[in-house]
Amino acid sequence: MRSWPYPVVPTVAGSPVPLSLFDTADQRVKAVEVHDGEVGMYVCGITPYDSTHLGHAATYLAFDLVYRQLLANGHKVIYAQNITDVDDPLFERAERDGVDWRELGTSQIDLFRSDMEILSVIPPRDYIGAMESVGEVIEMVQMLLDDGKAYQLDHGDIYAPITATEQFGYESNLDRDTMEEFFAERGGDPEREGKRDPLDALLWRGHRPGEPSWEAPFGAGRPGWHIECSAIATNRLGHSFAIQGGGSDLAFPHHEFSAAHAESAYGVDRMAEHYVHTGMIALDGVKMSKSLGNLVFVHKLTEAGHEAGAIRLAVFAGHYRQDRDFSYEALDVAAQRLATWREALSVEVSEEEALGVVDNLRAALADDLNTPLALEIIDGAPGDYEGLIADAVHGLLGVQLY
């Protein structure tokens, strides 16, 4: 799958500061592990049945910040992302609109690429569609079946028991009642007859008439949602890697199960050393949802003349882990902030003063992406020295000033 062009990322002056991020599993901020100068990062991608709204964009902007901090520290980032281009929501939307599900998926993937390019998001090295990874999923499902860590029901459906790993539940830290609630709300099938436990997750959906399917040794069908990410991530980043990321609504069941599948298949204690989750975005105090019709689309904002840098600053005004509000007033404030920075940084100051600002900016972002503090630091900059601060804002925040 083709991603999008790599943006210009200036070299950042100042001293590197090791990046620390909050880990959902351990419930604390801790240093990101770097192995031989490399960091593996996997961020769950879109299901392409609708346009990219600001909630989606905020998640990818947060992990773009992670990428930029690591890059500025001299590390190589191996970044992988999936696209769930075979899934029920896509089929349902296509049937509702009377279009082919493949055409719908292609059109929304193209729009997502365009949005990411406009927002100067660094693309993943590996951008992989579910259809591209079916062979990898089949191999992983077969491994689990062979090891007795999966079981098959009627219609060719294959499930992974929650008992396949001793540590199931460590990633989300949720109690059983909450798991059952979220599992039912977020794509699970607790009422499926024959399952050993209502929480057991679907690995492979046996072929049904009218649905796409692929041949496999255990019967034709298509991948489950969670194992798609397990296979894509571990085949590109290794059986255990540094960062698994996505929105907070993915912590359970999606990330819990994608980790469990990998851990039971390969015998590792943790699929990821960090599980990093972003907060949800509301519009004027109301959660964005398709049913309410209050989604803010990135391409609509840019078509209306809002600068990409202002969109980024509006998102960064709140901390990435917080559920937070977006408003057009906040976007206007961000645009004014951008204009103020451009004027203030046109004043020449000493190299020492400029480097002090850059070092403070690095430190704020290295501390669990403290963007509100980072913006305040730039607000207080007395000027710049030969573009050092402007390059740091561009390189670390992805906001181009000139």
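This is a predicted model: local features need pLDDT of at least 70, side-chain atom pairs count only at pLDDT 80 or more; totals for chains, interfaces and linings use all residues.
1. Salt bridges overall. A search of the whole structure returns 25 salt bridges.

2. D110 is joined to R113 by a salt bridge, with the closest N and O atoms 2.6 Å apart. Both residues belong to helix 3, which covers residues 101–118, and they stand three residues apart, about one turn of the helix. The two partners fall into separate accessibility classes: D110 is partly exposed at 36% relative accessibility, whereas R113 is buried with a relative accessible area of 7%.

3. The pair between helices 6 and 4. A salt bridge also brings together the side chains of R236 and E136, at 2.7 Å from N to O. Because R236 is part of helix 6 (residues 225–237) and E136 is part of helix 4 (residues 134–146), this contact ties together parts that are 100 residues apart in sequence. R236 is partly exposed, at 22% relative accessible area. E136, at 18% relative accessibility, counts as buried, since the cut-off for that class is under 20%. The two values therefore lie on either side of the cut-off, and the class labels of this pair should be read together with the percentages.

4. The pair between helix 10 and a loop. The side chains of R342 and E307 form a further salt bridge, with an N to O distance of 2.6 Å. R342 is located in helix 10 (residues 328–344), while E307 sits in the loop between helix 8 (298–303) and helix 9 (308–316), so the pair links parts that are 35 residues apart in sequence. R342 is partly exposed, with a relative accessible area of 23%, and E307 is likewise partly exposed, with 36%.

5. The salt-bridge network. D23, D26, K30 and R270 are connected to one another in a network of salt bridges. This group may be inspected as a unit in the structure above.

6. Other residues of helix 3. G105 is a member of helix 3 and is buried, at 5% relative accessible area. Its C-alpha atom is 41 Å from that of I377, a residue 272 positions away in sequence. S107 also has its place in helix 3, but S107 is partly exposed, with a relative accessible area of 35%.

7. Length and cover of helix 7. Helix 7 consists of 16 residues (251–266); at 1.5 Å a residue these should span 22 Å, and the 21 Å between the end C-alpha atoms agrees with that expectation. The helix is mostly covered, with 15 of its 16 residues buried.

8. Backbone features at helix 7. The peptide bond from F252 to P253 is cis, with omega near 5°, and P253 lies in helix 7 itself. The residue that follows the helix is G267, whose phi is positive, near 70°.

9. Positive phi outside glycine. H155 is a residue other than glycine with a positive phi, near 65°. H155 occurs in the loop between strand 6 (151–152) and strand 7 (158–160), and counts as exposed at 56% relative accessibility. D368 is not a glycine either, yet has a positive phi of about 55°. D368 is placed in the loop between helix 11 (351–366) and helix 12 (371–379). In contrast to the exposed H155, D368 is buried, at 3% relative accessibility.

10. Negative surface patch. D175, D177, E181 and E185 gather in a patch of negative charge on the surface. Among them, E181 is found in helix 5, which comprises residues 176–185. E181 is partly exposed, with a relative accessible area of 42%.

Definitions and conventions:
Residues are numbered from 1 along each chain as its sequence is written. Side-chain values use heavy atoms; hydrogens and water are left out. Patches are made of residues with over 30% relative accessible area and no salt bridge: like charges are joined within 9 Å, nonpolar side chains (Val, Leu, Ile, Met, Phe, Trp, Tyr) within 5 Å. Accessible areas come from the Shrake-Rupley method with a 1.4 Å probe; for residues, only the protein chains shown count as cover. A salt bridge is a side-chain nitrogen of Lys or Arg within 4 Å of a carboxyl oxygen of Asp or Glu. Lys and Arg count as positive and Asp and Glu as negative; His and the chain ends are not counted. The place of a charge is taken as NZ of Lys, CZ of Arg, CG of Asp or CD of Glu. Helices (H or I, at least four residues) and strands (E, at least two) are DSSP runs, numbered from the N terminus. Buried means under 20% relative accessible area, exposed over 50%, partly exposed in between (1.4 Å probe, protein chains only). The expected span of a helix is 1.5 Å times one less than its number of residues.
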